[in-house]
Structure formats: C-alpha cells, structure tokens
Amino acid sequence: MKKYLFFLCFIFAFQFVNAAKIDLNTASLQELKTLPLTSQQAQDIYNHRFYIDYFKSIYDLREIDSIDQATLNELKPLVSVSHYQIEDEAALRRDEIYYLIEQLGSNEGLQEGMSDVWEDYLMTPRNINKMPFSDILNLPNTSAIDVAAILQRRANGDTLTNYRDLRFSPGISYYGARNIQHYVYYEEPPISNRVFVDYQMKYSDAPYTDEVMDMYKESMLISYEKRQSYWGYFNMQSNRSAVMNKFRIRFMNEWKAGILTNSVKGNESFLLDKNDKLAADVKYYLGYEKEFDLFGKNFLKIYAGNYRATFGEGLIMENTDSFSPRQTGYGFNKRIIGIIGDLSRTQEYSLRGAAIDWKRNDLNAVLFLSNDKKDAVIYDSNSNGVLDKDDYALCYITTTSNFSNDELEDAETFYNSYGMDISIAPRKDAVEENLIGGHLEYSPFIGTHIGFTGYEATYDRDFVVPDSLQELQNILISDPVVADQKWKMADAEITNMYSTKTADYDRNYRRVYGFDWLTTLNNTSFQGEYAEMEVDGKPFKLGDDPKAIIVSSYTQFENLNFLTMFRQYDLGFDNPYQRSFSESERYDDTVFNNLTYGLRNTLLTDLYLNSAQPSAERGFYFETRYQFHRMFTITKAYLDLWERLSDGRRGLRFQGTLEFKPIHQLRFRIRHKVQIKRYDEDLYRGKSQADETELQMITYLSNFDRISMGIIYAKVLQPPYLSILSNPAFAGDPDMAQAITTTDGDMIYVDYTHNFNENLRVEGSMAYWKAYGASFWDFEDVELDFEQTDRGFKSWFTFSSRISNNLYISFKYKYKQFLTRQLEYRDYNAIPASGEWYFERVEHKENIIRLQLDWKF
C-alpha cells in the first residue's frame, strides 16, 4: 500500500513540476516571451512550430539559427516537450486560427460573401511562391505595395521559406506581412485530397429600424378618419424573424459548391408563403479553380450559378445590395477583385449564370454572363387602371420585406377601394435582365496593370422616366400642391434616372464601360478608374456621355500611411452596379427620403433606404494612420470635402482618433468628429453642423479578457427660421426671434469580454444615453445600432462557444428600453393659439435574440 501511495505522490509531483514548465509544443507566443529569450528568439521558436514542425525533443531548438548552445542550456530546466500526434492537419490548423475563423463567420453586409473566400484560404492556404498578384492583393488588409514587394523578391530568384522571409522582404510593411501570414504556406500545402463541409445558420428577431417602421406605418388612407398602413395590413409586428441557412462543400481549393436560403423579415414562414410558394430567397453556385502549367503558370476559375464580379474601384461592376460609405478599398474596406462564388444575402443585384476568369502573371481575361429577374418599380404608364406587363418600369428597387406580387396587389386593391389611386408600386421579378460583361487586364511589369471593363444589360421591359417634370411628380406624389412645395433641386437624381426609351432613342439595353489602372513606385501606389454609361454619345469617344472617375494614391511607411482620393460622378451616370467610394447613397435628401407621407405609395421609400449606389458627387478625401511615438498613435484620421452635384450642396466631414498607450495593457482614446452640411451657406435653413467627441479607456486583462469604458458627447447646431428672424423681438411676443438652435446629448457605456476558457467566451455591453435632438451610432459585436430617442438604456451579451472541434455556437440577447422623441404638431411656421400640441411619448421595451450555428468538418 505504501508503494502505491508513494507512486501516486510521485506522479502528482511530476505533473506539478511539469505544469510549472512551458511546453514548447503548446505555448503561446506570449508565454514563450516570458522565458529568458529575446523577442526575436521567441518569435523564431513560435514560427518553427507553426510553419515547419513540432518539437520532438528540446534539442530540436538547435535547428533554429538564433538559438545557440548557451541559450539551450538555460532553457532546459524551464521548458518541456509534450508528445504530439498529427491525426488531422485541418483540425490542428482550425485550432490555431479559431479566432480568425470566428471573426469571418460573423461578418455582415459588404464583406459577408468575401469572408467565405478568406476562410477557405485560412483552412487550405496556398503557396505564396506561386500566387499571382491579384490573389495576394485580395487577402485582408494587404496593399499593392506589399504585394509588389513579394513578387519582386520572387522575380529576383528568392523563394520564401517561412514567415521571417516574408517579413523581411524589402518594401513590405509589418502589418502587411502579419495580415498575410495565416492565409499562406511557403511550400505545397500539407492538406491534400480533402473534402471540407461548412454549414451555417443565422437566426435573428431584431426589429425593423425606425426609418423602415416609419415607412410601413405611414397611412395610405390620408383622407379618411380610419387610417390604414402596410404595417397593420400585413400584421408586421408579429413577423419580424429572419433565418439564413448556408451550406458549402469543397474539395481543397479546386471544386466548390454551395446553397443558401434566406427568409427575410415579414415572411409568415421561413420557407413557403401562404400560397405554398417559395418565400425564402435561394442562391447557389458550383465552382472550379485550378492552377496549371501551360507556357508558364496559369490560374483558372469557372463558376456557374450565383457569383460575384468586382473590378477596379467599383465604378462599373461590383454586384452587392449593400452600401458602405467611404469604401476606400484599403484596410478593412477591401474588395475581392475578380470572380468568386456568391452565397451572400444580396438578391437584387445578384448575378446568376456563368463566369470564367483566366489569369497569368501578365494577363487576366474575364467573361461573365447572367440571366436573372429583378425587382422594379412599375407605374401605370398605359393608364388602364392596373399594373401589368405592358407598363413601364421606373427603376430597380431592393425591398425590405419579401412580399409576393399577389400580396401587394391585394393590399393595393384594398386601399383603392377607399378611393386611393395606387398607380405605382414595387413588383417582384418585374424585369428580366440578360447581362454580358468582360474584363481584360495587362501587366507590363510587377506592380503595374491597366484593365478594360464593360457590360451590356438587356431588358424585356422599358425603363422610362417621363420628360415632363409635372408628369413625373404626378406619378410619384399624390397631392400636386405638396409636390410643388417639396420638390427640390436634390430631386434631380430622380429626373436623371436612366431611360431605355426617350424622344431621342428607343433601345432595350444599358451599356457601361471604362478602364482602370494601378502602378506602384517604391512605397507609393497610384490607382484609378474611369467609366462612361452610353446614352447618346459615341462608344469610342471619351466625355460625351455621363461619366464617373476616381483616382487615388496610397503611400506606406512602417509607422505611417497616407491616402489621397478624388472622385466625380455625373448626375446621369445611373449605373445600378456602381459601388465606388462616396459619402452618401443615391436619393439622399430627395422625396424618397423626406416625403414618405406624400408619396403615392409609401413603399417607394425603399428606393432610398436600400439604395446601394453612390450619390452624384465630387470631392477630395484624405486619410492617414500615424504612430509618431511608441505611446501615441493616430489610429485613423480622415477629411472629406465634397459637393453634391444635384443641388450644389457642399459638405465637410472630419474624424480623428488619437490613442495613448502607456503600457500594452492600458489604452486611452479620444475621437472627435465634425460634419457640416452647406458649410459655405450661412443663411440657408438646411445648414447644420454636428460635433461628436468620445473618450474611451481600454484595459486588457489576463487570458485575453478586455474591459472598456467610454463617454460620447454630441451636439448639433442649426440656424433659425428666417421668417422668425424677420419678426420684431419684444418681450411676450410668441414669434420672438431666436438665435442658432442647439441640440445635444450624451452616452456612457461599458464593454467587456471574458474568456472562461479557450472554448467559451462572453462579450457584452451596457449603455445609457440622453439625446435631445442628437443621435449616436453604436458598434456592437457584429451589428450597428442607431440611437436617436430622447433617452434610453440597453444591455446585451453574446455567448460564443466551441462545443466540439467542429461545432460552434453563438447566442446574443439584447434588452433595449427607450422613450420616444417629443414631437410637436402644428401648422407650418406657426405657433398654436393656446396650449401645447405634442404627440404622447411612449416608452418602448425590446427583447432581441440572435443565434448563429457553425458546423465545419
């Protein structure tokens, strides 16, 4: 018995001693840095294990150049080497990069489809010694300067064998190398002949945004005491859940296939509607990608089904339903250039057909074909009292809810029975679009190319915008008096929409073409794109049709980068696939934005709410990041000066963030934003200035835990009504003159992240705000929330758990309580004779759930 007790004590003692040692095969980089090593030696040990091989014994350390015998002797009593067995290379790699895969899986909006490509590269990296320029550039947070540095080293005959080779390539930045490292190998990938399967489910019951609810709740029966709206007609309060299912399968990085079903808010069922028709949107693709040798290295992509096509700066082709302001194409605003499979939730501007993308080091050729039915706004152009297939289309529309045409027609019949005239409405699959396009690019030397892109889309229904302004106003707005009062210069974006049929021509197509370029010179890259949309000009003559241009330069140093950009988009350049840099989306400040109550059909507000096209504007944009001291960094600062071409409104937007980091675990940030509309028109009622200042403290704790606290103060300045200023100012006068109007508000918040262990994490936030006229954008985990109510409180938390090696789950709960804004109703520019005329303020409480499940094997 004593022998057994002695043996058990020996085992526990041995485990205790080993527990105090650092295991070379499992230690993190931070743990290695606690050893008596230089920072470079710790990095070399970590890189050897990650990129070359695990350690079989402590003496394997001598295979690392920076580890000499003296260092080895010093490490012997401090480290251990555990037994390892590589049973599944993919599972091991998934463990190493779990945090990156988790981030990509939660992406929304513009980067939603691109995250699939990046995740594939994470799981099955490609050999960086063979990748072409565009494929490396498509990796997250890489610049053309970084890519040119890699290709130049390869051209000199060097082979990159590890991360150290990559990092010390002349011209590459620290951030470029760090961002690339997880997506590439330096030899042929060890994972071969492997099938990967990925299933993802996302469920959310988040309510509609305030703007969307205003659209649906606006009465369609203005002249009747019994007011009715789409919100009540479709019982939208009870149908707000949305479910997305995505299934992908691939064989290495060669054969790829996937299918997606997406049920949006407003559907009574996740799959079928009440007429047993498919209610969910469905997308799918089959792809083949292959690298082969034929007179040099060749790279081929072939996709059938739904795909995404992006070229240049997004002037001609980038088919997504999402709008992103100030999308520069750098950093976190990347574009994936070329053809990829598309399982994003983009529907209206999805391309469905076939595409082929062939490239080699100096040449790239792409051909893409698409046949798809698009939603559009239809109006009663033949005046027969119904919306039918012979009526004209006004434009494309991305609808918020997926109501069927039968449901919309039933609602319109109901409203018309009260004497309304609903002669314009959105329709599902109203226009069949046949699109053919291509891209040809030539690279004369490393880091330089010029490309030509174009497409032609033909339609089975005419797009016609009436030449007569009065006729157009009558189609859109029910009351001609309101139309005369509310139609402004900014509505020129509506009158300049594209028509396939005018007094000068009659055609069934839209053509857009142009060219893009990029070149690198030392640590600076120059790029741009020029495009024209053919209307009545000649195809090979520049400048005689509506046009758009964007040019930029990007300079990169180790601790500094600087971006300069100029853009100009003509009013008539109505390209539905344009997604280039802009400050605001198309139809901003038009009747689609400001006159929901007066529109003949309130659903036309979706033209603004879901617009993905940039507005017609001209401007300069500057952005920088600068670490001027070890403790001080301007993490991001930008200045945008632009003019809206529809009405000449000039705007200014500035934002700068300064970070102070006295120690690695503690950071302080101050952010200030200024936005001025009509900065050169002091007497214009529409002039405004919004200022916002944020102070934030971030503390990084052990085990990657994090706590941050902050306060935001916002202020909005607006000029007085000129008619009030003209009145005499004496005591007791109800029309006493007033000075500049000031509204302000503030928000305080606490964010936290806690890792219970390597498989379970919780993150969340609590916030309280008072916003008497001001508003706040709040960035949550993967969502963006907008607060503009008088005061409110919210709290949310997200549990993320890796249940097993292949199964991940994320659950979010949010509670939000707020008081509606105080709204006064009265005649325009008048004060009620007596009393206060306010709508009753209501306290709202919301409980929101989001669930995400990922199964990967």
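This is a predicted model: local features need pLDDT of at least 70, side-chain atom pairs count only at pLDDT 80 or more; totals for chains, interfaces and linings use all residues.
Strand β8 (residues 281–293) runs antiparallel to β9 and is joined to it by nine bridges. Within this pairing, D293 stands opposite K297 of β9. Three residues lie between the strands of the β8–β9 hairpin, where F295 has a positive phi near 55 degrees. Strand β11 (residues 351–360) also pairs with β9 in the antiparallel sense, over nine bridges, and here K301 faces D357 of β11. The pairing with strand β10 (residues 338–341) is antiparallel as well and has four bridges; T310 stands opposite G338 of β10.

## Helix α12

Helix α12 covers residues 210–217, and its buried residues are V212, M213, M215 and Y216. These residues lie on the same side of α12, because they cover an arc of only 155 degrees around the axis. In an α-helix there are 3.6 residues a turn, so residues three or four places apart point the same way. The cover over the buried residues of α12 includes α13 (230–233) and α19 (606–609).

## Nonpolar surface patch

A nonpolar patch on the surface is formed by Y626, F628, L658, I670, L695, I711, I748, M766, Y768 and F793, which together have about 850 Å² of accessible area. One of these residues, I670, belongs to strand β23 (residues 666–677). The relative accessible area of I670 is 40%, so I670 counts as partly exposed.

Key: Residues are numbered from 1 along each chain as its sequence is written. Side-chain values use heavy atoms; hydrogens and water are left out. Patches are made of residues with over 30% relative accessible area and no salt bridge: like charges are joined within 9 Å, nonpolar side chains (Val, Leu, Ile, Met, Phe, Trp, Tyr) within 5 Å. Accessible areas come from the Shrake-Rupley method with a 1.4 Å probe; for residues, only the protein chains shown count as cover. A salt bridge is a side-chain nitrogen of Lys or Arg within 4 Å of a carboxyl oxygen of Asp or Glu. Helices (H or I, at least four residues) and strands (E, at least two) are DSSP runs, numbered from the N terminus. Buried means under 20% relative accessible area, exposed over 50%, partly exposed in between (1.4 Å probe, protein chains only). The arc is that of the directions from the helix axis to the C-beta atoms. Contact means heavy atoms within 4.5 Å. Two strands pair if DSSP finds at least two bridges between them.
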